[in-house]
Amino acid sequence: MRRILNGFVFEGKPSDEFVMRVHHLGNGHKEAIIQRQYVWEEVGPVPLIPPEILDEVLAMREREAEERREANRERAARRAKTNVRRRIKAMGLDSMLTLTYRENQQDLGLVKRHMKEFVRRMRRVLGTREQPGVFSYVAAFERQSRGAWHVHMAVHRLPKNLPWGSGVKVKSWNVVRAIWRSVVGELGGNIDESRRKSWTKRSSGKIAGYISKYMVKAFAEGDDWSNRYSASSIELPKPIVVRFKAYALAELVALAYDEVAGGPVECMTWLDGFGDVFFLSTEGPPGAANGEQLRLQA
């Protein structure tokens, strides 16, 4: 691969150094990613373009510029997908909630304002006006085929009943629906909730995978300036970062498994086609990994 910087061409070559990052996210979730490092070497100045092929070169550069813009969108989508996935795992969100419109509501800005008000009212129901309750969430926005927006939210499983009206306990499903409808008004709204049966069937990891997959679609369809997701504020644990030189990738994969896959866990792995990046995600019962001694040291 090549890059142009300040009029000079640089070529990237794979090195024998890898960086491993291990994320202990809590709630039984761990991730490890191993990436080969590249060394950039100066090739020389950008060559002069002969006049007879200038138009062709300019057209090629325009195509390359569009390819770079698309590559930047893909990288941004991957970053957002990773951020969404890790937030859901770190917060231990274990239930799904989808907010929809009856009308063909195509204003994303309005959707975001409605969702913000929905969260505010949910926190009031879970607490008081003076001391709002906790309602943690990560939300992704999706456009239906008809053009209308709806919201996919990862949340904590709600109690069976919630106070409503004069304080009478009502099934939480009905309370949440009433709150959403009170927010959207004449646009009409409905909700769909999928609850976790057990950590093996409806776990935070599976919900994280479901919500985060919308990031790729959102970046493909959305405006470059638009936020593709919304989430409660949380400070993610900092990863352990270790550099390795002259190690085979297989050796580092074994180290990653030793670090994050101890005990009864579910694993998800991914290896890129060049053998330069390896990803491992594990999930155990909530609390299983909390407080254990880390073997890798930054």
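The side chains of histidine 150 and glutamate 142 are joined by a polar contact of 2.8 Å, and a polar contact of 3.3 Å links the side chain of histidine 150 to that of glutamine 144. A polar contact here is a pair of N or O atoms within 3.5 Å, where, within protein, one must be able to donate a hydrogen and the other to accept it, and where residues adjacent in sequence count only if both atoms are side-chain atoms. The model is predicted, so that local features need pLDDT of at least 70 and side-chain atom pairs count only at pLDDT 80 or more, while totals for chains, interfaces and linings use all residues. Residues are numbered from 1 along each chain as its sequence is written, and side-chain values use heavy atoms, with hydrogens and water left out.

Histidine 150 lies in strand E6 (residues 149-155); helices (H or I, at least four residues) and strands (E, at least two) are DSSP runs, numbered from the N terminus. With a relative accessible area of 8%, histidine 150 is buried, the classes being buried under 20%, exposed over 50% and partly exposed in between, with a 1.4 Å probe and protein chains only. Leaving aside neighbours within four places in sequence, histidine 150 is in contact (heavy atoms within 4.5 Å) with residues including Thr98, Leu99, Thr100 and Ala140.

Leucine 99 in turn touches His150, and also Phe118, Val151, Met153, Trp180, Asn190 and Ile191, when residues up to four places away in sequence are not counted. The largest nonpolar core has 27 residues, of which Leu99, Phe118, Phe135, Val151 and Met153 touch the most other members; such a core is a set of buried Ala, Val, Leu, Ile, Met, Phe, Trp, Tyr and Cys residues joined through side-chain atoms within 4.5 Å. Helix H2 (108-126) is among the elements that each supply at least two residues of this core, and the largest share, 7 residues, comes from H2. A second, separate core of 17 residues includes Met91, Met96, Ala140 and Met215.

The largest pocket holds about 1200 Å³ of space. On a 1 Å grid over the protein atoms alone, a pocket is an open set of points where a 1.4 Å probe fits, with protein on both sides within 12 Å along at least five of seven lines, and lining residues have an atom within 4 Å of a point. Grid points are joined across faces, edges and corners, and the volume is the space filled by probe spheres set on the points. Of the 34 lining residues, Ile33, Arg78, Thr82, Arg85 and Phe279 are the closest to the centre of the pocket, and H1 gives the largest share of the lining, 11 residues.

Which residues other than glycine have a positive phi? Two are tabulated here.

| Residue | Phi | Relative accessible area |
|---|---|---|
| Asparagine 27 | near 55° | 26%, partly exposed |
| Alanine 246 | near 65° | 63%, exposed |

Asparagine 27 sits in the loop between strand E2 (8-26) and E3, whereas alanine 246 sits in the loop between strand E11 (240-245) and helix H6 (249-260).

The protein chain as a whole has 6 helices and 13 strands, and buried residues make up 41% of its 298 residues.
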